[in-house]
Amino acid sequence: FEELPMVVPFTAAVDADTAYGRQLYQNALAGQYGPVAGYLAPPVHPIQVFAVQALLALKDAGLYNTVVATVAAHPLEEVRIWFDKAQVWREDDPYVQGLGAELGLSDAQIKALFVAASLK
């Protein structure tokens, strides 16, 4: 693909469905096509949900009343405003992360809540 002005991603696998595909893999491994870059995993994008989805997931997890009470008593007005007015919640949002930490939730637990919310 040298004539193309951009990099063209190509994947070859030792267990390709065709003999030709398996041969391409062996040729690439032997360096016949030049240097082979290592695998780069696609970027992980934080989950984003509507606030109502998040609130329903908190309810299902038995955390809704605890979160509401924690926010209502929070010393930072910004947290109370965010909780009341944000229409979209992201798992990497500083308010989400801060409240999660205050509630003793791990990153994995927050992720699980967002996965559950995304299914609402």
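The crossing of helices H5 and H6 is right-handed, a term used when the near helix is turned clockwise from the far one by less than a right angle, anticlockwise being left-handed. The model is predicted, so to speak of local features requires pLDDT of at least 70 and side-chain atom pairs count only at pLDDT 80 or more, while totals for chains, interfaces and linings use all residues. Residues are numbered from 1 along each chain as its sequence is written, and side-chain values use heavy atoms, with hydrogens and water left out.

Helices here are DSSP runs (H or I, at least four residues), numbered from the N terminus. Two packed helices are described by the angle between their axes and the distance between the axes. Axes are lines fitted to C-alpha atoms over the stretch in contact, with angles from 0 to 180 degrees between N-to-C directions.

| Helix pair | Axes come within | Crossing angle |
|---|---|---|
| H3 (residues 64-72) and H4 | 9 Å | roughly 135° |
| H4 (residues 77-85) and H5 (residues 94-102) | 11 Å | roughly 110° |
| H5 and H6 | 10 Å | roughly 120° |

Angles of 65 to 115 degrees count as roughly perpendicular, under 35 as roughly parallel, over 145 as roughly antiparallel and the rest as oblique. H5 is therefore oblique to H6, and their contact (heavy atoms within 4.5 Å) is made by Val 96, Gln 97 and Gly 100 of H5 with Asp 107, Ile 110 and Phe 114 of H6. These residues divide into three nonpolar, two polar and one charged, where Ala, Val, Leu, Ile, Met, Phe, Trp, Tyr, Cys and Pro count as nonpolar, Asp, Glu, Lys and Arg as charged, and the others, Gly among them, as polar.

H4 is roughly perpendicular to H5 and passes H5 in a left-handed crossing. Here Glu 78, Val 79 and Trp 82 of H4 meet Tyr 95, Val 96 and Leu 99 of H5, giving five nonpolar residues, no polar and one charged. H3 and H4 are oblique to each other; Val 67, Val 68, Val 71 and Ala 72 in H3 meet Val 79, Arg 80 and Phe 83 in H4, a contact of six nonpolar residues, no polar and one charged.

The structure also holds one cavity of 30 Å³ or more, a cavity being a set of points on a 1 Å grid over the protein atoms alone where a 1.4 Å probe fits but cannot get out. The largest cavity contains about 180 Å³ of space, the volume being that filled by probe spheres set on the points, which are joined across faces, edges and corners. Its lining (residues with an atom within 4 Å of a point) has 15 residues, of which Leu 58, Trp 89, Val 96, Leu 113 and Phe 114 lie nearest the centre. Helix H2 (51-60), H5 and helix H6 (107-118) each give two or more residues to this lining, and H6 gives the most, with four. The lining divides into 14 nonpolar residues, one polar and no charged.

Key:
1 Å grid on protein atoms, 1.4 Å probe; cavity = no way out; pocket = protein on both sides within 12 Å on 5 of 7 lines; lining within 4 Å.
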